[in-house]
Amino acid sequence: MKTLNILLIEDDMIEVMKLNRASSSLQLNQNITEANNGEEALSLLENKDSLPDIILLDLNMPKISGIEFLKILKADDRLRYIPTIILTTSNNQRDLLECYKIGIAGYVLKPLKYEDYVSKIEKLLSYWSINELITA
């Protein structure tokens with residue numbers, strides 16, 4: 001199975017550690033790059049030679065919100081096709097609808113229980129690792 005290159009955009013270090021812990025315990029073949037906010041993510045994405053296969057995006061972030069980041073991403077001809085999955089605690093229906101309107105690949109609510117979180121991450125990463133993904 002090929003390596004899944006993931007860009008995680010998350011400002012909460014506990015959430016970053018949680019994802020890293022969950023993914024390493026699952027022993028799936030992935031490589032996670034972290035960005036603490038949308039601005040940092042956009043500067044990482046400027047390097048068109050090493051684009052991620054998927055983006056995991058938190059909605060509630062400082063500087064530029066997840067929704068603003070999505071709009072910038074989808075306006076870029078090279079970046080718009082990277083599957084972007086929202087990973088959030090917000091089950092706000094307006095956010096959900098707005099994200100699908102902009103063009104996300106999925107919207108996953110972070111469960112409170114760690115075991116449930118690991119289960120969701122496993123399904124999410126397993127699903128994307130079997131997809132045919134666009135390579136730059």
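1. Two strands are taken to pair if DSSP finds at least two bridges between them. By that criterion β4 and β5 are joined by 4 bridges and run parallel. Helices (H or I, at least four residues) and strands (E, at least two) are DSSP runs, numbered from the N terminus.

2. The model under review is predicted: local features need pLDDT of at least 70, side-chain atom pairs count only at pLDDT 80 or more, and totals for chains, interfaces and linings use all residues. Residues are numbered from 1 along each chain as its sequence is written, and side-chain values use heavy atoms, with hydrogens and water left out.

3. The sheet is open and consists of 5 strands in the order β2-β1-β3-β4-β5, with parallel pairing. Because β2 and β5 (106-109) stand at the edges, each with a single partner strand, one side of each is left without a neighbour in the sheet. Direction ignored, neighbouring strands are turned by 20 degrees against each other on average; the axes behind such angles are lines fitted to C-alpha atoms, for helices over the stretch in contact, and angles run from 0 to 180 degrees between N-to-C directions.

4. N5 has N31 of β2 as its bridge partner, and L7 has T33 of β2. From β1 the chain passes through helix α1 (residues 13-26) to β2 in a right-handed β-α-β crossover; right-handed here means that, with the strands pointing away from the viewer, the path from the first strand over the helix to the second runs clockwise.

5. Helix α3 touches β1, β3 (54-57) and β4 (84-88), and its direction makes about 155 degrees with that of β3. Helix α4 (residues 93-102) touches β4 and β5, its direction making about 155 degrees with that of β5.

6. The axes of α2 (residues 38-45) and α3 (residues 66-74) come within 10 Å and cross at roughly 20 degrees. The two helices are therefore roughly parallel, a term for angles under 35 degrees. Their contact is made by G38, A41, L42 and L45 of α2 and F69, I72 and L73 of α3.

Technical notes: Angles under 35 degrees count as roughly parallel, over 145 as roughly antiparallel, 65 to 115 as roughly perpendicular and the rest as oblique. Contact means heavy atoms within 4.5 Å.
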